[in-house]
Every structure is written in C-alpha cells, then in structure tokens.
Amino acid sequence: MAQSIHLSVIGENDTSTKIIDTIGYTETFTSYNDLQSEINLLKGKVIRKGFIDTSTEKITKLNDTLFKAHLILGHRINRIRVYFDSSFNVELLKSLNYNIRDGYFELHINELESNLENLNSKIAEQGDPFSTLQLINISKLNSELLSANLKVVANQKRRIDKILIKGYEQFPKSYLKHFLKLKTGKSFNLNAIKEKVELLNELRFASKIKAPEVLFTQDSTTLYIYVEKTRTNNFDGFLGFGTNENTNKIEFDGYLDLRLINNLNYGETLNLFYKSDEIDQQTFNVDADLPYLFGSPIGFQVGLNIFRKDSTFLNAKQYAKINYQVNAQHKVGVGITSTTSTNLLENDTDILNDYKSNYYTLHYNYMKSQFYDALFPINFWFDFSSGFGNRINDLEKQQQNVFTLDTYKIFNLNNKNSFYTRINGATLTSDNYLDNELFRFGGINSIRGFEENSLVANLYGVLSTEYRYRLSSNIYVHSVLDAAYFENKLTDSKEKLFGFGFGLGLLTNAGLFRLNYSSGKTENRQFKLSDSKVHLSLTATF
C-alpha cells in the first residue's frame with residue numbers, strides 16, 4: 001500500500017491563512033507530484049481573487065507524511081480595466097450590461113472569469129462556436145487597478161449547411177422550418193438549436209429521442225436531429241345509461257370520436273365525430289386540418305356539422321378557416337361559417353322555421369402540453385372564437401353575433417394530487433331567436449348529471465371541476481362538481497344547475513377507460529335519484 005502524504009498551507013499572516021482556507025484545497029495525496037500540482041492550482045485560484053503577486057516562499061517537509069507550504073499573497077487588487085479595439089462588437093458588451101467607457105470596461109476581479117465566459121458564449125452564438133477570449137499585456141495601473149487587453153481568437157463563422165433527421169426520416173419538413181424554425185443558411189447557435197428542438201415535445205405525432213448533434217468539417221456544418229414517430233391516432237367513445245324518470249326504463253346514449261393524425265406524414269388531422277343520445281338527437285361532425293400548406297406558415301381547416309333533433313329540425317353547418325401558427329403554443333385564424341336549417345314539421349311557426357345564416361369568424365387557440373404525462377397530456381387549453389353575420393328566413397334578415405369559449409387548466413399540486421377546472425360557454429346575440437338555432441348542451445362533455453344536449457339556451461356557461469388523486473402511474477380517481485347558468489329568451493327562463501359525482505380513470509395499452517357516476521339538480525328542484533347517470537367511456541390510441 002502506498003503511503004499517503006498530507007499538505008498544510010499557510011500565508012504570511014493570519015488574515016492570509018484565513019483567505020487560503022476559505023478558497024480551500026486538497027490535503028491528502030499519494031505522491032509528491034500530485035501535492036506540487038495542488039499547490040500550483042491553489043496559487044491560480046488565489047491570483048484570480050486579485051492577489052496577483054502571490055508566490056510560493058517555500059515548501060517544508062515536517063516529517064515523512066506532512067508538508068507545509070508557505071504562500072505570500074501580498075496586496076489584493078479588486079478591479080481590472082479591460083481594453084478592446086475598434087473591431088470588437090460593442091453590442092455584445094451592451095447586452096451583458098457592461099459599463100462601457102472610451103475603449104474599455106471595468107470589472108471586479110472576482111467577476112472576471114464568469115464574465116469572460118458569458119462574453120465568449122455570446123460570441124459563439126454569433127456563429128463562431130470555436131472562438132476563445134484571451135487577456136494579454138496584463139499590468140498594474142496602480143495599487144488598486146489592473147490593466148489588460150482583450151483579444152478574440154476567432155475561427156471561421158459557422159452556418160447550418162445541412163439538417164438531417166434521424167429515426168423518423170419522413171418527419172414533415174414544413175414543421176422543421178415553421179414550427180421549430182430551423183433552416184439551412186442560419187448562423188450556428190447551439191443553445192438556440194437545443195431550445196428549438198425541445199419544441200418537438202409539443203407535438204403529438206413526434207418526440208425527441210436525444211439531444212441534437214453537430215458534425216463540423218472544414219467547410220460545412222451538419223446538424224443531426226433525433227426524432228421518433230409516436231402513436232397519435234385516437235378513438236374516444238362512451239356509453240351512457242340510466243333510468244328514465246317517466247317510463248322507469250333504462251335508456252342508452254353514446255358517442256364516438258375518431259381522430260387520425262399525421263398518417264400521411266404532413267402533420268394533418270382528420271376528425272370524425274358521431275353522437276346519439278336518449279332524447280333522439282344525432283350529431284355528426286367531420287373536419288380536416290391541413291397545416292403549413294405548400295411549405296408556407298398558413299394552414300387550412302374545413303368541416304361539416306350535421307345535427308338532427310328527432311323529427312323537429314335538421315341543421316347542416318359548413319365552415320372553412322385559414323390558420324396561422326404563431327409558434328408552438330399560439331394559433332390564430334379567420335374563417336367563414338354557413339348554416340342551413342330545415343324545419344321537419346308540417347308547418348312553420350314563429351320560433352321554428354327554415355333559415356340560412358352566414359358568419360365571418362375569428363379564432364384564437366393556445367395550448368400548453370405535458371405529454372410526458374400519459375394520463376393528463378394537456379396542462380392548459382384556451383380556445384376562443386367569434387362570429388359576425390346574419391340569419392335569413394322568409395320573414396326577415398337578422399344581424400347576429402356569436403361568441404364561444406372553451407378553456408381548462410390542470411393545477412399539479414404534487415405527484416399524486418391535481419385539480420382540474422374547465423370553463424366553457426357560448427352566447428348568441430340577436431333581436432329575436434329561433435329554437436333551431438339555439439345552443440344544445442348538457443352531458444358528459446359539459447355539465448354532468450344531465451341528459452346529453454337536453455338543455456337549450458341562447459347564453460350559457462359551465463364550470464366543471466375535478467379533484468384528481470393518482471393511485472398509480474395509470475390509475476386515478478376524481479370527484480365531479482359542476483355548476484352552470486343558462487338563459488333561454490324563447491321560454492323567458494334563467495336557470496342555475498349543479499352536478500355531483502365521482503369517477504375513475506384507467507390507462508391501458510388499449511387506451512384510457514373512464515367510469516363516471518354523476519347526478520344533477522337545478523336551483524329550484526331537489527335532487528332525485530332518477531336523475532343519476534352512469535357513463536362508461538373508452539379512449540384508445542393507435
């Protein structure tokens with residue numbers, strides 16, 4: 001076994017020794033060469049503290065295992081004046097809030113090393129990742145101030161010459177250019193590239209495998225981005241059943257929601273939705289969202305919505321939108337919506353007849369994801385739209401405005417507990433109303449405990465809340481506490497509603513199974529057991 005040797009370092013007085021102890025050094029070694037290297041390293045640390053005249057007076061061997069080093073620190077200089085020539089980019093110094101004077105700036109000696117590192121990083125961000133900074137001609141101006149010249153050892157500036165996708169070679173190039181904002185010809189900035197690649201985690205259909213890598217050759221710079229394609233197609237459906245309070249028979253209702261994402265490797269989305277409920281209402285939606293058309297930042301969305309109310313009326317709505325993806329979270333759009341409604345009854349009435357409406361619409365959407373959490377992948381969602389237009393029927397032409405809002409937020413209290421809150425609502429402003437143009441709401445996707453689309457309003461707002469407790473990584477239970485307010489000017493009614501219940505969610509390889517039991521009551525009617533509703537739902541990803 002080699003014998004350990006020990007080091008003790010002192011200064012020329014007690015104050016100097018305390019400074020050395022504060023800086024710290026290694027005390028035990030296996031060889032004298034390691035001990036000598038530690039003394040030299042310690043001298044460098046002391047010099048960077050402003051004791052530039054530090055010297056080793058002597059190293060004394062006290063016995064076979066103990067050495068004592070005597071350092072002379074001398075007078076401490078606290079500031080340094082750094083001169084730069086006219087070719088230096090002064091804007092870099094201003095970005096770091098340096099107090100620039102006529103061709104120089106001053107720093108506290110303790111801040112010198114960290115400031116030079118930050119300055120060198122700024123230079124590297126300008127496209128020269130191999131640049132270095134040096135201080136030359138270091139000298140004393142006086143007993144309190146050092147002087148030095150700043151020298152930049154620059155290399156050839158680098159630009160991104162080629163971008164290669166590894167792992168998912170068919171990754172949409174338009175997302176690379178407009179979503180990640182990475183393109184060839186731009187100055188090489190590794191920190192900025194890493195930040196942009198992190199945006200891959202905001203996409204549903206792709207994710208980052210590992211950090212990007214760069215290959216430098218003498219005349220080119222190649223950026224490698226490692227991406228994998230993720231399963232994004234989604235099926236969502238539920239079956240609801242409960243006892244009809246009038247007939248005492250069990251009634252069923254349900255829906256299916258199919259979303260196909262990026263199957264053509266363009267980032268496109270196709271949605272298909274169908275819902276039928278126990279009060280004989282059917283809803284059918286189909287729409288397509290095509291982002292970054294022809295490699296541009298503009299996207300296009302088109303859709304069709306058909307709603308049938310038993311044998312009363314049929315509404316067919318068509319819409320088209322042009323969207324602009326501002327960045328990974330924000331999207332704005334403009335569009336047009338046209339609705340044709342047909343009265344299925346034999347005779348028209350004042351509140352139910354054929355009409356056509358046309359609206360010019362504005363849209364805004366914000367999404368903050370947390371795709372690392374398979375149970376709750378979206379942390380914050382905000383979607384607002386407005387429409388301005390008119391309704392035409394045999395009696396008149398009526399100007400109207402419509403506004404809709406759907407937003408929710410998950411507050412993560414800790415790893416197991418979270419709180420979910422959602423607000424959704426809509427309002428239609430008009431001088432008069434038809435029954436077949438009013439909003440239908442209620443059920444699992446609005447206020448729970450009420451029949452699907454059983455509530456009719458020209459204005460409504462719903463507050464849905466859940467306290468969620470995660471039993472494991474793929475199972476959670478939650479409460480149901482909802483409140484709503486609506487107005488219906490056709491019936492001259494205003495009502496407050498409340499929903500109560502509990503639920504269970506289970507994530508499997510097939511998807512997310514949800515079981516909800518909820519009951520509802522109005523402000524003026526006491527709770528009845530027959531209002532109870534059980535919903536069994538399945539969400540599958542493939």
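This is a predicted model: local features need pLDDT of at least 70, side-chain atom pairs count only at pLDDT 80 or more; totals for chains, interfaces and linings use all residues.

Student: How many helices and strands does the protein chain have?

Tutor: Helices (H or I, at least four residues) and strands (E, at least two) are DSSP runs, numbered from the N terminus. Here the protein chain has six helices and 29 strands. Its radius of gyration is 35 Å, well over the 24 Å that the globule rule gives for 542 residues, so the chain is more spread out than a compact globule. That radius is taken over C-alpha atoms, and the rule is 2.2 Å times the number of residues to the power 0.38. The C-alpha trace spans about 110 × 50 × 40 Å along its principal axes.

Student: What percentage of the residues count as buried?

Tutor: Buried means under 20% relative accessible area, exposed over 50%, and partly exposed in between (1.4 Å probe, protein chains only). By that criterion, 42% of the 542 residues are buried.

Student: Which residues of helix 1 are buried, and where do they fall around the axis?

Tutor: Helix 1, residues 14-23, has S16, T17 and I20 buried. Viewed down the axis of helix 1, its buried residues fall within an arc of 100°, so they line one face of the helix. The arc is that of the directions from the helix axis to the C-beta atoms. Exposed residues D14, T15, K18 and T22 sit on the face turned away from the buried side. With contact meaning heavy atoms within 4.5 Å, the buried residues of helix 1 pack against strand 1 (5-10), helix 2 (32-48) and strand 4 (66-72).

Student: How many salt bridges does a search of the whole structure find?

Tutor: Side chains of opposite charge can pair when their charged atoms come close. The criterion is a side-chain nitrogen of Lys or Arg within 4 Å of a carboxyl oxygen of Asp or Glu. The search finds 17 salt bridges. In one of them, R81 and E106 meet at 2.8 Å, N to O. This pair links distant parts of the chain, with R81 in strand 5 (residues 79-83) and E106 in strand 6 (residues 104-108), 25 residues apart. R81 and E106 are both buried. Another bridge joins R468 to E466, with the closest N and O atoms 2.9 Å apart, and these two residues are buried as well. Salt bridges that share partners join R79, R81, R101 and E106 into one network.

Student: Which residues does S418 touch?

Tutor: S418, in strand 22 (residues 417-429), is buried at a relative accessible area of 4%. Leaving aside residues up to four places away in sequence, S418 touches F376, I410, F411, N412, L413, E466, Y467 and R468.

Student: Which strand supplies the largest share of the nonpolar patch?

Tutor: Patches are made of residues with over 30% relative accessible area and no salt bridge; like charges are joined within 9 Å, nonpolar side chains (Val, Leu, Ile, Met, Phe, Trp, Tyr) within 5 Å. Accessible areas come from the Shrake-Rupley method with a 1.4 Å probe, and for residues only the protein chains shown count as cover. The nonpolar patch includes L290, I298, F300 and V302, and its residues together have about 830 Å² of accessible area. Strand 16 gives the largest share, three residues. I298 lies in strand 16 and is partly exposed, at 34% relative accessible area.

Methods
Residues are numbered from 1 along each chain as its sequence is written. Side-chain values use heavy atoms; hydrogens and water are left out.
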